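Please have a look at the sequence and the model below. We will then walk through it together, a step at a time.

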Amino acid sequence: MNRLVIAAPASGSGKTTVATGLMAALRRTGSRVAPFKVGPDYIDPGYHSLATGRPGRNLDPVMVGEHRVPGLFAHGSKGCDIAVVEGVMGLFDGRIDTAGIGSTAHVAKLINAPVLFVVDARGQSRSLAALLHGFRGYDPTVRLGGVILNQVGSERHEQVLRSACDEVGLDVLGVLPRDPQFSLPSRHLGLVTAAEHGAEAVAAVDAITAAVAKHVDLDGVRRLASVPAMAVAPWEPQVERVSSEPVVAVAGGAAFTFGYAEHVEVLKAAGAAVAVLDPLKDEELPEGTAGLVLPGGFPEQHAEALSANAPLRAAVARFARSGAPVHAECGGLLYLARSLDGHPMCGVLDAEGFMTPKLTLGYRDAVASAGSPLHAPGSRVTGHEFHRTQLSTPHSDPPAWHWRGVDSRPVAEGFVVGGVHASYLHTHPAGDPEAVARFVRACHPFVAGVADGTVVV
């Protein structure tokens, strides 16, 4: 598998622009491109999917364990000619207080991939040589194979920058001029999702693709990406399968876009029949629903429309109160609250959600506080928080999780109420596929025609 990683000195350098445009430009020249993103990001993979026509996938050693990353990479690359992996933050930025665990450099080493370095060249000339020298020498086991110069102001500026790259012996594989068309819309948690941006997202990707095709040496990129194959078995969800084929409704649409491709794959491997639900449009749960997954997203941007769909809110409340399994993460948690920024929601949880100026962000090593359709008491996971909302009541008694905060004080978070497990914490199903299988088993008593009303977990 030909492969390369798109990295940068820092966030805001243009990684998403370059990675998305490169994926689409390679696809349009006949390559089958596998798209990946380092870390727990949900937004960039949506643009990667537009660019490649394939599911955007994440490679996150913190969430799934570094031993699973090569297999997940092989799984997502099946049937493709080349894989393009967009990095996270700066090249060596990983989990805080670790030696770069979960960083772009860490993932590049795990999949033995060269790095194509994107540099925002505004305000730089020959100093670029020092920057490149420092990044290449910081960890020589990371192969910095080429540079793309972004935001270049003029032909003279390009000449000076190319000379700086020559000084340190790095090839320039592309030069992107300053142009406001080469950008994607952003908001409080990053980019506006591709699902929300709709036709404008397609137009933005088209403009970026045209720029990359014109200004980047695609043949040079292919040569850089031509590296020896890895001897690794593709990841497969190894879970016990139920025979009842319960219908699991998974919320999607513009308001609920924060999910991992592997989640649906593990649900299906465990025997579930997955049905997509759009809470902005659908007024009923899918027929035969025995379990409900409410992933994260931007419900705060669609609160009025979600609230206006009163029939579905009532259906979700009835379903949750029946004791059937419900798995809600972040945006899904807000949807289950009494209200969100004053707009009535499902009222399953005794809490109100509201926007704040504070960003809550970071990995959490969490312990399940109570038994639920997902976890046995004492189960341990590593998850990720990423939100600017808060709840008037932060947890139930018992909460879903406990963990140690940055000041080592215990934190209680989330709700376990009947069959509902709701939390701000995002988890990756490949890191704990048994939790997904446990959820599917919990759906069995709620399958139409099953008389036993006892949840077996």
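Predicted model: local features only at pLDDT ≥ 70, side-chain atom pairs only at ≥ 80, totals over all residues.

The pLDDT averages 93 over the chain, and 94% of the residues score at least 70. Residues 451-457 are the stretch to treat with care: there the pLDDT is below 50, although in the model this stretch has twelve contacts beyond near neighbours in sequence.

The largest nonpolar core has 96 residues. The members that touch the most other members are L4, I6, L22, V115, L116, L132 and L149. With seven residues, helix α1 (residues 15-28) gives the most to this core.

Leaving out residues up to four places away in sequence, V115 touches V5, A7, L91, A108, V142, R143, L144, G145, G146 and L224.

Next, please turn to helix α9, which covers residues 199-215.

Which residues of α9 are buried? They are A201, A204, V205, I208, T209, A211 and V212. Around the axis these residues cover an arc of only 165 degrees, and therefore they sit on the same side of α9. The face turned away from that buried side carries the exposed residues A199, E200 and K214.

Two residues of α9 let you see both sides in detail. T209 has a relative accessible area of 2%, so T209 counts as buried, the cut-off being under 20%. A polar atom of the T209 side chain lies 2.6 Å from the backbone oxygen of V205, which is itself among the buried residues of α9. Beyond residues up to four places away in sequence, T209 touches G21, A24, A25 and R28.

K214, also in α9, is the counterpart to look at on the other face. Its relative accessibility is 68%, and because exposed means over 50%, K214 counts as exposed. The C-alpha atoms of K214 and A25 are separated by 9.4 Å, while along the chain these two residues are 189 residues apart. A25 is also one of the residues that T209 touches.

Conventions. Residues numbered from 1 in each chain as written. Heavy atoms only, no water. Core = buried A, V, L, I, M, F, W, Y, C linked by side-chain atoms within 4.5 Å. Buried < 20%, exposed > 50% of the residue type's maximum accessible area, 1.4 Å probe, protein only. Helix = DSSP H or I, 4+ residues; strand = E, 2+ residues; numbered from the N terminus. Contact = heavy atoms within 4.5 Å. Expected span 1.5 Å × (residues − 1). Arc of directions from axis to C-beta. Polar contact = N/O pair within 3.5 Å; in protein donor to acceptor, adjacent residues only side chain to side chain. pLDDT = per-residue confidence, 0-100.
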